[in-house]
Amino acid sequence: MSGRGKASAKDKSVSMTKSVRAGLQFPVGRIHRFLRKGQYAARIGSGSAVYLAAVLEYLSAEILELAGNAARDNKKARIVPRHIQLAIRNDEELNRLLSGVTIAQGGVLPNIQAVLLPKKSAKKLAAGSAPTSQEF
């Protein structure tokens with residue numbers, strides 16, 4: 001009867017995914033499959049999928065952190081595409097990386113050129129002095 005029934009805890013081998021081994025959240029096995037099926041090269045090393053998953057996870061975390069800060073600045077609890085757009089365009093390196101990317105429902109950065117702003121005239125600066133309007 002020793003060969004039947006449920007296996008004891010000693011007999012079970014714990015399966016670890018490649019993502020768990022690498023300490024990542026992104027799926028290393030899936031990325032490895034995509035690299036093989038995409039035919040980017042004749043041979044794909046096992047470390048390449050781990051490296052690519054780590055890079056993608058880092059970029060995602062960076063964008064989400066900056067977008068979360070933008071959402072908090074706008075007093076919102078939910079990240080919307082506008083917050084992602086603000087996060088990317090206000091960061092110099094991410095803006096350079098994603099310069100050719102259009103984010104749907106992202107809008108544009110608030111920007112008013114200096115020549116379009118009202119001029120600070122001498123009238124406003126000398127408001128405390130005698131009035132100058134149409135006096136001869």
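Mentor: The model is predicted, so local features are taken at pLDDT of at least 70 and side-chain atom pairs only at pLDDT 80 or more, whereas totals for chains, interfaces and linings use all residues. Residues are numbered from 1 along each chain as its sequence is written, and side-chain values use heavy atoms, leaving out hydrogens and water.

Trainee: What pattern does the chain follow when it is read along the sequence?

Mentor: Along the sequence the pattern is α-α-α-α-α-α.

Trainee: What makes α3 and α4 roughly perpendicular to each other?

Mentor: Helix α3 (residues 46-73) and helix α4 (residues 81-90) pack at an angle of about 115 degrees, with their axes 8 Å apart. Axes here are lines fitted to C-alpha atoms over the stretch in contact, with angles running from 0 to 180 degrees between N-to-C directions. Angles under 35 degrees count as roughly parallel, over 145 as roughly antiparallel, 65 to 115 as roughly perpendicular and the rest as oblique, and α3 and α4 are therefore placed in the roughly perpendicular class.

Trainee: What is the handedness of the crossing in which α3 passes α4, and which residues make the contact?

Mentor: The crossing of α3 with α4 is right-handed, a term for the near helix being turned clockwise from the far one by less than a right angle, anticlockwise being left-handed. On the α3 side the contact is made by Ile-63, Leu-66, Ala-67, Ala-70 and Ala-71, and on the α4 side by His-83, Ile-84, Leu-86, Ala-87 and Ile-88. By class, this contact of α3 with α4 has 9 nonpolar, 1 polar and no charged residues, with Ala, Val, Leu, Ile, Met, Phe, Trp, Tyr, Cys and Pro counted as nonpolar, Asp, Glu, Lys and Arg as charged, and the others, Gly among them, as polar.

Trainee: How do the axes of α2 and α3 cross, and which residues make the contact?

Mentor: The axes of α2 and α3 come within 8 Å and cross at roughly 115 degrees, and α2 passes α3 in a right-handed crossing. Val-28, Ile-31, His-32 and Leu-35 of α2 make the contact with Ser-46, Ser-48, Ala-49, Val-50, Leu-52, Ala-53 and Leu-56 of α3. Sorted by class, the contact of α2 with α3 has 8 nonpolar, 3 polar and no charged residues.

Trainee: Why is His-32 called buried?

Mentor: Buried means under 20% relative accessible area, exposed means over 50%, and partly exposed is in between, with a 1.4 Å probe and protein chains only. His-32 has a relative accessible area of 11%, and is therefore buried. His-32 lies in helix α2 (residues 28-37), and, leaving aside neighbours within four places in sequence, His-32 is in contact (heavy atoms within 4.5 Å) with Lys-18, Ile-44, Gly-45, Ser-46 and Ala-49.

Trainee: Which residues of α4 are buried, and what covers them?

Mentor: The buried residues of α4 are His-83, Gln-85, Leu-86, Ala-87, Ile-88 and Arg-89, and their cover includes α3 and α5 (92-97). Asn-95, found in helix α5, is in contact with Ile-88 and Arg-89 when neighbours within four places in sequence are left aside.

Trainee: Why is Asn-95 called partly exposed?

Mentor: Its relative accessible area is 29%, which means that Asn-95 belongs to the partly exposed class. The C-alpha atoms of Asn-95 and Gln-85 are separated by 9.5 Å, although these residues are 10 apart along the chain.

Trainee: How do you know that Lys-75 and Gln-105 count as exposed?

Mentor: Lys-75, in the loop between α3 and α4, has 77% relative accessibility and therefore counts as exposed. Gln-105, in the loop between α5 and α6 (122-125), has a relative accessible area of 71% and is therefore exposed. Lys-75 has a positive phi of about 60 degrees although it is not a glycine, and Gln-105 likewise has a positive phi of about 60 degrees without being a glycine.

Conventions. Helix = DSSP H or I, 4+ residues; strand = E, 2+ residues; numbered from the N terminus.
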